[in-house]
Number of protein chains: 2
Amino acid sequence: MKQPPDHYVHGHAARELERLDYQAPKFADLFHHDTRYPPESRVLEVGCGVGAQTLILARNSPRAEFISFDLSTESLVKAQNTVFQKGLPNVVFCKADVNDLPFKPDTFDHVFVCFLLEHLPDPLLVLNNIRNLLRPGGTITIIEGDAGSVLFYPESPDANRVIECFVKLQQQMGGNPFMGRELRHLLIDAGFSDVTISPRMVYSDLSRPGHVEEVKNIFIAMIDGVGESAITRGLVDNKTWNRGIRDLHRITEQGGMICSTFFKAVGKKGSEDSP
Amino acid sequence: MKQPPDHYVHGHAARELERLDYQAPKFADLFHHDTRYPPESRVLEVGCGVGAQTLILARNSPRAEFISFDLSTESLVKAQNTVFQKGLPNVVFCKADVNDLPFKPDTFDHVFVCFLLEHLPDPLLVLNNIRNLLRPGGTITIIEGDAGSVLFYPESPDANRVIECFVKLQQQMGGNPFMGRELRHLLIDAGFSDVTISPRMVYSDLSRPGHVEEVKNIFIAMIDGVGESAITRGLVDNKTWNRGIRDLHRITEQGGMICSTFFKAVGKKGSEDSP
C-alpha cells in the first residue's frame, strides 16, 4: 500500500482535524438535506477522511450500508472512533487508494464524494473508475467548493494575497481549487447521465448567530493552516502573511461579510451502460 | 436640470433597453418574492430607469403608491409607456436627480433601489440623503450585483479579459462593480438599523430551461454592450474582444455553466431618528 499522496493541501495536523469536525455539522443541512439512501442500499463513501461527512450520512440513512474508505490510516482511526462513539452500526471502514480501487465492478448502489476531487491530479480518471463500481442505474453525489466563489468585505491587498497563496499551493500540489464549476462537465465526460448541479451558498455577517466563530474557525483557520507551507515554499514572506491573516479577521467586524459557494452534483450511471 | 451623468456603464442603446426588459421578469421572483408594501404606503423608487422593476413592484403591491424617478427622460418615457400599457394606476413618474432630490424630508414610508448604487461615485452620500426622505420606522430595500461573484466554465483568458474590461470601464466611470458586498457596511454607515443582507444566486447550465437564451440575452449582452467603449478607450483591442465574446458563448454549450450572485439589503430608519 502506498503512502498517502501529498496532494492534500490541508495536511493532517490536529488543528485541521478540529476544523473539519467544527465545520461539518454547521453545513450538514445545507449539504445533506436532499441526500437519503434507501434501506439495504450499498453506498461507497470515497475519501472519507476523519469521518466528518460519514457521521451525517450514516445518521440520515440509518438503514443504508456504508463502506467508507480513505488512504490515511490516521484519518481512518479518527473516523472509526467518531462513528462508533455515536453508536452508528451501518458503516464499515477500510483503507484503500482512490487510484487503485479494491472493489469489484457493479458493486455499489450509490457513491458519495465530498471535498476530494479538488485534491486529485486526475479527477476524470477517478470518476471513470468510480463509475465502473456502480451498478447500472446507481447514482454518484459529489460536493466540492470553489475558491473563486469566495467574496468578502472589507477587502485588502494582503488578504487577497494570502488567499492567492492558498490557491497556488493547492495548484502546485496537483489539485484544483476551482473544482466546483467543473463538476458538471467532469460528470458528463465520465459518462454519467441526468447530471444536475445545485449551488449551496454559505453567507455570514455580524447579524447572523455564530458569525465571528464560524469565520475564524472555518475560513480563516483553513487559510492559516497552509501558512507555513506557503512561506516555506517562498510564495509569500512572513510579514505579508501575518498582515493578510490580520486583515481577514476584519471580516468578523461590524460591516464585514463573507460568502462562499459549494456545488453539489448528482449523476446517474445509465441502466444501459455496461459496467 | 442637469444632463444624465455619464456614470452609467451600460448606456441607453436600444439593445440595452431590450436586455433590461428581458432580464427583469426572469429574476422577478428571485428579487421580489419577499417585497410587498402595505396598502396606502408611499414608496419611492430611486433610479427607475426603463421601469423594469417598477412594473413588478406596482403589480406585487397594487394598493401601495409608487413615486418612481430617474434622470433620463428617454428612460422615463419608456417606463411610463410600459407601466401604463399594463394598466397599473399606482405609479407616478417624475424626472429627478439622485444628487439633488426634490422631495421633503420624512415623506416616504419605504424606498426601493435596484442596480443604481453601483453606478454612483458617492453611494454613501446618496444613502444619507435617501434616509432623510424616509419617515422614522420606514425601510429601504436595495438590490445590487457584484462582478466578483460571476463564475463560469469553461474559462478562457480572453473571456476573463473582456469581463475585466467591463469592470475597469465601470470603475473609470466612477462606479463600483463590486457593490453587492458593500451594501451592509454602507447601510450601517448611513445610519440605518436592523440591516439584513440576503444573497440571491442565479445559476444556469444546459440542464435548465432557457439556459442558452438567458446567457446570451442577459450576461453576454451586458458584457458585449460595453465593447465599443472598452475598445475606444484602449482597454482592449478589437481582436481580443471578439475572441473573448466568442469564448463566453462556450458557456452555453454542453458542460458549460455560469452563476452570479445579487445581494438584497433591507434596512430601517430608527424610529428615534430625527429626519
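**Figure 1. The contact between chain A and chain B in the predicted model.** Chain A brings 29 residues to the contact, and chain B brings 29 residues. The model is predicted. About 2,300 Å² is buried between chain A and chain B, and 63% of that area sits on carbon and sulfur atoms. On the chain A side, the residues that lose the most area to chain B are A:Leu151, A:Arg181 and A:Arg184. Together they account for 29% of what that side buries.

Figure 2. Four salt bridges are counted between chain A and chain B. One of the residues that lose the most area, A:Arg184, meets B:Asp205 in a salt bridge, with 3.8 Å from N to O. Eight residue pairs are in polar contact across the interface of chain A and chain B, with both residues at pLDDT 80 or more. On the side of chain A that touches chain B, two or more residues each come from strand 6 (151-153), helix 6 (183-189), strand 7 (193-205) and strand 8 (257-268). Strand 7 of chain A gives the most, with seven residues. Sorted by class, this side of chain A has 13 nonpolar, nine polar and seven charged residues.

**Figure 3. The axis that relates the two copies.** Chain A is superposed on chain B by a rotation of 180° with 0.0 Å of shift along the axis. The RMSD is 0.0 Å. The two copies are therefore related as by a two-fold rotation axis. In chain A, the C-alpha nearest the axis belongs to A:Ser149, at 3.1 Å from it. Both copies use the same surface: 100% of the contact residues of chain A recur in chain B.

Figure 4. Over all chains, the structure holds 26 salt bridges. One of them joins A:Lys78 to A:Asp21, with the closest N and O atoms 2.9 Å apart. A:Lys78 lies in helix 3 (residues 73-85) and A:Asp21 in helix 1 (residues 14-32), so the pair ties together parts of chain A that are 57 residues apart in sequence. A:Lys78 is partly exposed, with a relative accessible area of 27%. A:Asp21 also counts as partly exposed, at 33% relative accessibility.

**Figure 5. A salt bridge between two loops of chain A.** The side chains of A:Arg63 and A:Glu40 form a salt bridge, at 3.5 Å from N to O. A:Arg63 sits in the loop between helix 2 (52-60) and strand 2 (65-70) of chain A, and A:Glu40 in the loop between helix 1 and strand 1 (42-46). The two residues are 23 residues apart, and the pair links distant parts of the chain. A:Arg63 is exposed, with a relative accessible area of 54%. A:Glu40 counts as exposed too, at 52% relative accessibility.

Figure 6. A:Asp109 pairs with A:Arg135 in a salt bridge whose closest N and O atoms are 2.6 Å apart. A:Asp109 lies in strand 4 (residues 108-114) and A:Arg135 in strand 5 (residues 134-145) of chain A, 26 residues apart. A:Asp109 is buried, with a relative accessible area of 18%. A:Arg135 is partly exposed, at 30%.

**Figure 7. The network around A:Lys264.** Salt bridges with shared partners join A:Asp34, A:Arg200 and A:Lys264 into one network. A:Lys264 is in strand 8 of chain A. At 3% relative accessibility, A:Lys264 counts as buried. Its side chain makes a polar contact with the side chain of A:Asp34, at 2.7 Å. Beyond four places in sequence, the contacts of A:Lys264 include A:Phe31, A:His32, A:Thr141, A:Ile143, A:Ile197 and A:Arg200.

Figure 8. A cis peptide bond joins A:Tyr153 and A:Pro154, with omega about 0°. A:Pro154 lies in the loop between strand 6 and helix 5 (157-172) of chain A. In chain B, a cis peptide bond joins B:Tyr153 and B:Pro154. A:Asp194 has a positive phi of about 50° although it is not a glycine. This residue, A:Asp194, lies in strand 7 of chain A and counts as exposed, at 52% relative accessibility. Phi of B:Glu40 is also positive, near 75°. B:Glu40 lies in the loop between helix 1 (14-32) and strand 1 (42-46) of chain B.

Definitions and conventions: Residues numbered from 1 in each chain as written. Chains lettered and ligands numbered in written order. Predicted model: local features only at pLDDT ≥ 70, side-chain atom pairs only at ≥ 80, totals over all residues. Heavy atoms only, no water. Contact = heavy atoms within 4.5 Å. Buried area = accessible area lost by both parts, 1.4 Å probe. Polar contact = N/O pair within 3.5 Å; in protein donor to acceptor, adjacent residues only side chain to side chain. Helix = DSSP H or I, 4+ residues; strand = E, 2+ residues; numbered from the N terminus. Nonpolar A, V, L, I, M, F, W, Y, C, P; charged D, E, K, R; others polar. Least-squares fit on C-alpha atoms with pLDDT ≥ 70 in both. Buried < 20%, exposed > 50% of the residue type's maximum accessible area, 1.4 Å probe, protein only.
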